[in-house]
Amino acid sequence: MIDFDYGIMLFLLMLATFATRSFFFVLGDSVKIPPWLQHALRYAPATALAAILVPDLLLSGGTFVLPWTNIRLIAAIGATLFFLKTRHLLGTIVVGMVCFTALRLILN
Amino acid sequence: MNLSTAEQTAREKTVFRDALRLSSPTIPGLIAWGIVTGMAMIQSGLTLWQGLLMTFIVYAGSAQLAALPLLAAGAPVSMIFFTAIMINLRFIIFSAVIGPHFSSLRWYRRLFYGYFNADIVVALFPQRFPSPSLGRPGEKLSFYVGLATSNWSSWQVGSVIGMLLASQIPPSWGIGFAGSLALLSITVPLIVNWAAVVGMAVAGTTAVLAIDLPFRLGLLLAIVLGIASAMAVDQWVEGKAQ
């Protein structure tokens, strides 16, 4: 079922897509962003993703999990090493899931 | 050199096929990434219809993945919108790369075409048309539409497959974790210098420490402090170089 709140959220997310992807398509050559802002924008995606990923990997249900008992974190480190070596997206997901599943089955 | 309309049309068709050929190696990766995102949408509690609407309306994988935990945690819609904008900010930079090629089109067509300017499109388009001042407008548009079609359709095929598969898979398998892994593999390439390392470390630490702030304000705080730290490192490096 699609309720009103969900519809509003989808509309806003669509706006977020248009507002960013079409930004300089619509403005054309008429506007130049100031250099300092252009510079700061370069780091926005990286910091936003880090701010989502780090709590996602370190916490479970809002509380801190000791790193050596945190199988998601251990699997993520394994996947990161694989990615750094191969730059392969699909392989990284497979390796991470295999590590995660193996640890889950061993420790349960 | 003027070409007849027939010649022009033939060239545009060739260019469109060239674009499909150039983007074909990226298709399996996009389908996989779509599958993961489709699964993550269902695993986070969306119904099939909610998920289908999201993928066809929003068309922004990392913003969708980031919105899901916020949605599940009951964050206010303004926070979800802000997060999506932050995560999509790279697209503004992408739009500055491709947008000038199409500045002669009417505004609503520019708005429409901009919507399809995804990561792979912006990576491949300049290989054929490096400068906005070169190339015939019709051929550039055909090439762009070719890349965009390939990118959009493989992504949507993957997303729909992922959503249909997700209901067949028990939650204990932790398929949602694949979404985190996909997010991880688009985050790692963004570590381009020490400023990014520091910015991401500050953002990550802040996000963990401020997790209990209301309305997920910790996320906003983390992004602002992260960007400021990255900028500070850049200033410091520049100061040392001079």
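How many salt bridges does the structure hold over all chains? It holds five, a salt bridge being a side-chain nitrogen of Lys or Arg within 4 Å of a carboxyl oxygen of Asp or Glu.

Before you select anything, note that this is a predicted model: local features need pLDDT of at least 70, side-chain atom pairs count only at pLDDT 80 or more, and totals for chains, interfaces and linings use all residues. Residues are numbered from 1 along each chain as its sequence is written, chains are lettered from A and ligands numbered from 1 in the order in which they are written, and side-chain values use heavy atoms, with hydrogens and water left out.

**Stop 1: the salt bridge in chain A**

Select A:D56 and A:R72. Their side chains meet in a salt bridge, 3.3 Å from N to O. The pair links distant parts of the chain, 16 residues apart: A:D56 is in helix α4 of chain A and A:R72 is in helix α5 of chain A. Helices here are DSSP runs (H or I, at least four residues), numbered from the N terminus. A:D56 is partly exposed, with a relative accessible area of 28%. A:R72 is partly exposed too, at 24%. The cut-offs are under 20% relative accessible area for buried, over 50% for exposed, and partly exposed in between (1.4 Å probe, protein chains only).

**Stop 2: helix α4 of chain A**

Now select residues 44-58 of chain A, the 15 residues of helix α4. At 1.5 Å a residue they should span 21 Å, and the end C-alpha atoms are 21 Å apart, which agrees. The expected span is 1.5 Å times one less than the number of residues. Is α4(A) enclosed or open? 12 of its 15 residues are buried, so it is largely enclosed by the rest of the structure. Color the buried ones, among them A:A44, A:P45, A:L49, A:I52, A:L53 and A:L57.

**Stop 3: A:I74**

Move to A:I74, in helix α5 (residues 71-86) of chain A. At 34% relative accessibility, A:I74 counts as partly exposed. Which residues does A:I74 contact, leaving aside its neighbours within four places in sequence? They are A:P67, A:W68 and A:L103; contact means heavy atoms within 4.5 Å. For a distance check, draw a line from A:I74 to A:R42. Their C-alpha atoms are separated by 29 Å, and the two are 32 residues apart along the chain.

**Stop 4: helix α1 of chain B**

Switch to chain B and select residues 5-23, helix α1. B:K13 lies in this helix. B:K13 is exposed, with a relative accessible area of 54%. The C-alpha atoms of B:K13 and B:L53 are 32 Å apart.

Next, pick B:D18 and B:R21. They form a salt bridge, with the closest N and O atoms 3.3 Å apart. Both lie in helix α1 of chain B, three residues apart, about one turn of the helix. An α-helix has 3.6 residues a turn, so residues three or four places apart point the same way. B:D18 is buried at 19%, whereas B:R21 is exposed at 55%.

**Stop 5: a salt-bridge network**

Select B:R11, B:R136 and B:E139, which are linked in a network of salt bridges. Between B:R11 and B:E139, the closest N and O atoms are 2.9 Å apart. That pair links helix α1 with helix α8 (residues 137-166) of chain B, across 128 residues. B:R11 is partly exposed at 35%, while B:E139 is buried at 8%.

**Stop 6: B:T206**

Go to B:T206 in helix α10 of chain B. At 12% relative accessibility, B:T206 counts as buried. Beyond residues up to four places away in sequence, B:T206 touches B:L221, B:A222 and B:L225.

**Stop 7: the interface**

Show both chains. 83 residues of chain B are in contact with 63 residues of chain A. The chains bury about 6,400 Å² between them, 79% of it on carbon and sulfur atoms. Buried area is the accessible area (1.4 Å probe) that two parts lose on being put together, summed over both. Select B:I92, B:F177 and B:L181: in chain B, these lose the most area to chain A, together 10% of what that side buries.

How many salt bridges does the rule find across this interface? It finds zero.

Note on methods: Helix = DSSP H or I, 4+ residues; strand = E, 2+ residues; numbered from the N terminus.
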